[in-house]
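Have the viewer open and follow along.

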Amino acid sequence: MRKIFSYFIFITMCMAAHAQMHSYSTNFTYSLKNFVDTIPIEIADNQIFVTGTVNGHPYRFCIDTGSSQGTIYDNAPFSGLRSLGNVVSQDAAGRSDTVGVVQLPQFTIGKLTVTGYVASVFHSTLTRSYDGILGFDLFNKGLCCKIDTRHKRMILTDRRDFFDGEKGYALHYTLKWWVPYVMVSPFKRHYDEALFDTGSPILYTMNKERFDEHAYKSKNVNSQVAARVKGNMTIGNIGAEHTSEVAFLKLNRLKWDDFSFLNVNAVTTQGTSRIGASLLNYGAVVINGFRRYIRFLPYTEGDSVEVNNKAVTTAYVPTSGGRAAVGVILPGSPDYQAGLRQGDIILSIDGHPINTFTEFQQYPLTKGMTHRLIVWSKEGRNKEVIIRR
């Protein structure tokens, strides 16, 4: 099986920013009232996609609850965009830049037509499998939604009580920068405010500063640390986060209300803590934009589920010059034993030059095969590394 992403690249699309609050608007309109619509969804790489039709053409949109508004990229294939000016935006890696804001042409998802929807425009050299992002403003406008990846469907409605009969585990969310934050418990007697972010592919990541506060108070927290290393792993819309300490965590349990996810591999990042789209591997989710709660509906009986997700071992990030580099690597992992180190810049794979991060993303690393990497090390020399996927 050929896989472009057989390694771990943590790309998150969250756009929440203080400056963006000033331009935040839900003045777009819906074509339907008092409606319920079931919309097919596609799930790939732990993210959720819907088809939207613009001017008769289908486009692929990512449903990203961690983004306050829509997002498109400067190479997006849309026509009929109306410029609304600029805004200073901060991405998930903590980097800021001035970006354009546009109004999208009228588009339809399912039976619902949306008019006047606003999106920020980012320059990006990363390869993405979608045309744009639909953000949490869809729900702040006044919608309820059930996302059910098992049945590959999303139910949208403007009836605030439509999902009241659904049984599960509800957490009320607080809007910060117009995106939803919930309180989860990664350690006994410890709570963490986490962004519910379907744009993030993994189950849980924890803000490093918040983790350090918990670790200072409890030996139980420190006992769940697999390793601490220097590196960076989050890639935002503007760039990668700065190098800092990353903690690799093996959580005994992660609690969402009274439901427990057991044996969870997680990592810390410099951005906000996040509950990601992998949550939807274990149950459906209801988002009520009127009453501001998110209810988790487990696919299995009982009040817990065994996760044992694959641990993050290697992350690749773009350098300031646009090359691909090892952002962080877990000591003792197969890649580490093969000779990869944090900061190594990828020069070639299997004899093919890798001049940009995009070329690295697009190279078909094959599961079960070995690949020959030539890297430029921190010591200033070429080094050959043989990795197995």
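**Rings and cores**

Phe107 and Tyr117 are both buried, meaning under 20% relative accessible area with a 1.4 Å probe and protein chains only. A word on ground rules: this is a predicted model, where local features need pLDDT of at least 70, side-chain atom pairs count only at pLDDT 80 or more, and totals for chains, interfaces and linings use all residues. Residues are numbered from 1 along each chain as its sequence is written, and side-chain values use heavy atoms, with hydrogens and water left out.

Back to our two rings. Their centres are 5.7 Å apart and their planes sit at 85 degrees, so Phe107 and Tyr117 make an edge-to-face pair; rings of Phe, Tyr and Trp (its six-membered ring) pair if their centres lie within 6.5 Å, with planes under 30 degrees apart called stacked, over 60 edge-to-face and the rest tilted. Ring pairs also tie Phe107 and Tyr117 into a cluster with Phe28, Tyr30, Tyr59, Phe61 and Phe78.

Now look at the largest nonpolar core, which has 65 residues. Such a core is a set of buried Ala, Val, Leu, Ile, Met, Phe, Trp, Tyr and Cys residues joined through side-chain atoms within 4.5 Å. Leu156, Trp256 and Phe261 touch the most other members. Strand β23 (residues 244-256) gives the most to this core, five residues; strands here are DSSP runs of E, at least two residues, numbered from the N terminus. Apart from this core lies another, of 16 residues, including Ala324 and Val375.

Methods:
Buried means under 20% relative accessible area, exposed over 50%, partly exposed in between (1.4 Å probe, protein chains only). Helices (H or I, at least four residues) and strands (E, at least two) are DSSP runs, numbered from the N terminus.
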